[in-house]
Amino acid sequence: MYNGGAMQKKVLSEISLYQGDVSMPKGFEIDRSILAIDTLKHSFKNLIDPSVGFPFSKSWDMLNTYFRDHIKVKHHLTLVNKDTWGNLYKPGEVTTPLLQIDKVDLRNSPDYVLLYGVSSQECSVRIHYNDNRRKGRTLDMKLKDNQFIMFPSTCMYYLTNKQQDILNFVQTITYDFI
Amino acid sequence: MAHFAKISEDNVVLQVVVVADANTVNEEGAETESVGQAYLEQHCNWPANLWIQTSYNTESNEHKLGGTAFRGNYAGIGFTWDSDNEIFWLSQPYASWVKNISTAQWNSPIGDAPALTAEQNSQNNSKTNYWIYVWNEPEQSWDLTDSNEHVN
């Protein structure tokens, strides 16, 4: 068997994207309606006081715990919560390009961004990334109900609500990697 | 204090938590796994049957303090719960290794690595070399390796 001689590979950095369903045990499913209601409430409260944080709930905790537990076992990533918020997107809405790092404060910026489909019909996510000298590549993905996508916070992204009838609700959680 | 492993539906350990004695004893004051499971289901939003009690002092099916071993090994994240044998298993180190139920450890198909010679031990102690046996999965053999060669 050819073993490549002395030719070895070291990965110095990689852009990894994680996606999947949040498959909770039967009878313990995440009540996504709570997250949607909290997003609505929070968006109103935030108009009055922008310092109000996203409310803690059993549903949010179940999502966060499930994700952190499983990504640690499956991909050996130990994640620490940084911030969280919910967004609602109007029919046909395309967000502005989103970037969760502060380029002048990288120290306090998160490592990863998690998007979770709370109620997402025909919701698409376009993620921008650089592949070495090939800059500005994009990856289009669908975000469905109860699915997540996690990617490095250095990637810019935007979301599109492609249908014309209902609001889309998406929960964002940012994490540090230790 | 009692320790419980949170497992996934495919029996992989996700977390290990500590529960106060008061939350694991029944009305007669006896430590009962089902009481701890019910407590954890209520407070941690995960089904009772997916919380499995584990012993902090059990390793390789022996109790470090001389007590009775319980469920093979103290569970850790990534271990697998084997409900048939009531053992928490470490990940299988190599595809060819087999379970040893009596020690709750994985064994190579040809047994343990040979013992080091007195000379090799002496060199290890004087730090001129660091001889160890490393499992060679393709050759199904134990290879004697000087790991000092890989330093620097």
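Two strands count as paired if DSSP finds at least two bridges between them. Strands (E, at least two residues) and helices (H or I, at least four) are DSSP runs, numbered from the N terminus.

This is a predicted model, in which local features need pLDDT of at least 70, side-chain atom pairs count only at pLDDT 80 or more, and totals for chains, interfaces and linings use all residues. Residues are numbered from 1 along each chain as its sequence is written, chains are lettered from A and ligands numbered from 1 in the order in which they are written, and side-chain values use heavy atoms, without hydrogens and water.

Chain B holds an open sheet of 3 strands, in the order β2-β1-β3, with antiparallel pairing. β2 (13-19) and β3 (51-54) of chain B each have a single partner strand, so one side of each lacks a neighbour in the sheet. Neighbouring strands are turned by 30° against each other on average, direction ignored. Ala2(B) faces Val19(B) of β2(B).

| Strand | Antiparallel partner | Bridges |
|---|---|---|
| β1(B), residues 2-7 | β2(B) | 6 bridges |
| β10(B), residues 131-136 | β11(B), residues 141-146 | 6 bridges |

Contact means heavy atoms within 4.5 Å. Axes are lines fitted to C-alpha atoms, for helices over the stretch in contact; angles run from 0 to 180 degrees between N-to-C directions. Helix α1 (residues 33-44) of chain B lies across β1, β2 and β3 of chain B, at about 130° to β3(B).

β10(B) and β11(B) make a hairpin with 4 residues between them. In its turn, Gln140(B) has a positive phi of about 55°. Trp135(B) has Trp142(B) in β11(B) as its bridge partner.
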